[in-house]
Amino acid sequence: MHELLRNLQIKVNEKTYIKDPESSNLGKRIIENSITLINDIGFEAFTFKKLGALINSNESSVYRYFENKHKLLLYLTAWYWAWIEYHIVIKTFSISDPKKKLEEIILLTTRAIESDSNFSHIDEVKLNKIVINEYSKSFLTKEVDSDNKEGYFFIYKRLITRIKEAITAVNPNYKYPTTLASTIIEGSLHQHFLKEHFPTITDCNKTITPTDFYTNLVFTSLKTTD
């Protein structure tokens with residue numbers, strides 16, 4: 001199984017890039033260092049010129065892979081959601097009990113992220129911080145509808161659907177499974193952000209995690225519904 005995971009590749013919508021960054025060492029360096037740089041200085045301050053300087057390459061070399069930094073952010077966040085989904089598939093395929101399966105899915109989508117040695121050029125911990133801080137910038141744009149039609153958010157929406165199906169398996173009569181599924185994803189990002197920056201307006205702290213809260217919220221909701 002470990003060897004199988006080592007050889008696994010996560011696929012992202014080809015329209016997010018001009019040349020697949022996974023196809024070359026330079027492309028992988030662009031991904032690795034863009035994650036480091038965005039995490040360090042933020043997406044607004046991030047430029048391809050700064051990235052080129054960091055990897056000791058011309059700015060034009062970055063443009064051979066990505067049209068602009070928005071497409072790069074779409075690529076990084078789509079890769080992250082695909083990585084989360086891949087962990088859900090691997091960790092839950094042998095769980096037959098719907099409640100235990102949903103508990104595991106909630107854990108995998110709301111926990112503090114740890115590094116994954118199967119993808120050596122991607123720092124998942126830093127990428128998680130980018131998703132927490134910057135993900136909304138990938139879709140809070142005037143182009144969101146056209147980007148959606150291009151399929152840039154397909155993996156994210158597929159993940160939501162997977163969670164919705166797990167919710168429905170626990171309680172087929174629950175009226176709001178899709179809303180609850182998207183709330184788990186979006187809400188956990190927000191709670192991680194509040195925990196880091198605005199701790200006085202969240203109950204999440206060193207002992208209470210977003211996982212604790214969303215496990216309680218989900219199963220309380222599913223239990224009390226008719």
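The structure is a predicted model in which local features require pLDDT of at least 70 and side-chain atom pairs count only at pLDDT 80 or more, whereas totals for chains, interfaces and linings use all residues. Residues are numbered from 1 along each chain as its sequence is written, and side-chain values use heavy atoms, with hydrogens and water left out.

Helices in this account are DSSP runs of H or I with at least four residues, numbered from the N terminus. Helix 2 (residues 25-41) and helix 5 (residues 69-92) cross at roughly 100°, and their axes come within 11 Å; the axes are lines fitted to C-alpha atoms over the stretch in contact, and the angles run from 0 to 180 degrees between N-to-C directions. Helix 2 and helix 5 are therefore roughly perpendicular to each other, given that angles under 35 degrees count as roughly parallel, over 145 as roughly antiparallel, 65 to 115 as roughly perpendicular and the rest as oblique. On the side of helix 2, Ile31, Ser34, Ile35 and Ile38 meet Leu72, Tyr75 and Leu76 in helix 5, where contact means heavy atoms within 4.5 Å. By class, this contact of helix 2 with helix 5 has 6 nonpolar residues, 1 polar residue and no charged residues; Ala, Val, Leu, Ile, Met, Phe, Trp, Tyr, Cys and Pro count as nonpolar, Asp, Glu, Lys and Arg as charged, and the others, Gly among them, as polar.

Leu76, which lies in helix 5, is buried, with a relative accessible area of 2%; buried means under 20% relative accessible area, exposed over 50% and partly exposed in between, with a 1.4 Å probe and protein chains only. Not counting residues up to four places away in sequence, Leu76 touches Ile31, Ser34, Ile35, Ile38 and Leu127, and its C-alpha atom is separated by 9.5 Å from that of Thr16, 60 residues apart along the chain. Thr77, also placed in helix 5, counts as buried at 3% relative accessibility. A polar atom of the Thr77 side chain lies 2.8 Å from the backbone oxygen of Leu73, and, with neighbours within four places in sequence left aside, Thr77 is in contact with Val131, Tyr135 and Ser138.

Helix 7 (residues 124-134) contains the buried residues Glu124, Leu127, Asn128, Ile130, Val131, Ile132 and Glu134, and what covers them includes helix 2, helix 5 and helix 10. At the start of helix 7, a side-chain oxygen of Asp123 reaches to within 3.1 Å of the backbone nitrogen of Val125. Glu134 counts as buried at 6% relative accessibility, and its side chain makes a polar contact of 2.4 Å with the side chain of Lys137; such a contact is a pair of N or O atoms within 3.5 Å, of which, within protein, one must be able to donate a hydrogen and the other to accept it, while residues adjacent in sequence count only if both atoms are side-chain atoms. Apart from neighbours within four places in sequence, Glu134 is in contact with Ile38, Gly42, Phe43, Glu44 and Leu73.

Helix 7 also packs with helix 10 at an angle of about 95°, with their axes 9 Å apart, and the two helices are therefore roughly perpendicular to each other. This contact is made by Val131, Ile132 and Asn133 of helix 7 and by Leu189, His192, Phe193 and His197 of helix 10, and by class has 4 nonpolar, 3 polar and no charged residues.

Helix 10 (residues 177-197) packs in turn with helix 9 (residues 154-170) at an angle of about 120°, with the axes 8 Å apart, and this pair is therefore oblique. The contact involves residues of helix 9 including Tyr156, Leu159 and Ile160, and residues of helix 10 including Pro177, Thr178 and Leu180; by class, the contact has 10 nonpolar, 3 polar and 2 charged residues.

Asn148 in helix 8 (residues 144-149) counts as partly exposed at 33% relative accessibility and, with neighbours within four places in sequence left aside, is in contact with Phe153 and Lys157. Asn56, found in the loop between helix 3 (48-54) and helix 4 (59-63), counts as exposed at 72% relative accessibility, and its phi is near 55°, a positive value in a residue other than glycine.
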